[in-house]
Amino acid sequence: MDSTVSHKTKKMEVLPLLFSFKGRIGRIQFTKWWLPLTSITLPLYYLNDQLAGMVAILLLWPLFALTTKRYHDFGSFGWLGIFQLLPIIGWLIVIVGCCFTVGDFKDNKYGESLYK
């Protein structure tokens, strides 16, 4: 019997992924979407603060949806995603917590395990 963990993760469609707060996502899927969405606003700050602010407001919902589902994957409250509103330290908390923390290998109250 092979005791290695399967790295096949269930893929979620884009709209539920970015706009729903239900379910769970893995580290790779989270990183693939969260880092680019977060980094969109960084170059805009050098060009136009107001434009960057408007883009950041538009991206809040998808960023919170992704973070909530990621925290759900390891059985934590999605409200922990509020840390991403804190510049630098909050982003580091989210990056370390969501990009590097392994999710639950068992089903939890937020959904089925991604590692089956």
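Author: Arg24 is buried, with a relative accessible area of 5% (buried is under 20% relative accessible area, with a 1.4 Å probe and protein chains only). This is a predicted model, where local features need pLDDT of at least 70, side-chain atom pairs count only at pLDDT 80 or more, and totals for chains, interfaces and linings use all residues. Residues are numbered from 1 along each chain as its sequence is written, and side-chain values use heavy atoms, leaving out hydrogens and water.

Reader: Thanks! Where is Arg24 found?

Author: Arg24 sits in the loop between α1 (14-19) and α2 (27-39). Helices here are DSSP runs of H or I, at least four residues, numbered from the N terminus.

Reader: And how many salt bridges does a search of the whole structure find?

Author: Two, where a salt bridge is a side-chain nitrogen of Lys or Arg within 4 Å of a carboxyl oxygen of Asp or Glu. Asp73 forms one with Arg24, and their closest N and O atoms are 2.9 Å apart. Asp73 lies in helix α4 (residues 49-73) and Arg24 in the loop between α1 and α2, so this pair ties together parts 49 residues apart in sequence.

Reader: Is Asp73 buried or exposed?

Author: Buried, with a relative accessible area of 0%.

Reader: Which residue forms a salt bridge with Asp73 at 2.5 Å?

Author: That's Arg70, with 2.5 Å between the closest N and O atoms. Arg70 and Asp73 are three residues apart in helix α4, so about one helical turn separates them. Through shared partners, salt bridges join Arg24, Arg70 and Asp73 into one network.

Reader: Switching topic, what does the side chain of Arg24 reach at 2.9 Å?

Author: The backbone oxygen of Gly111.

Definitions and conventions
Helices (H or I, at least four residues) and strands (E, at least two) are DSSP runs, numbered from the N terminus. Buried means under 20% relative accessible area, exposed over 50%, partly exposed in between (1.4 Å probe, protein chains only). A polar contact is a pair of N or O atoms within 3.5 Å; within protein, one must be able to donate a hydrogen and the other to accept it, and residues adjacent in sequence count only if both atoms are side-chain atoms.
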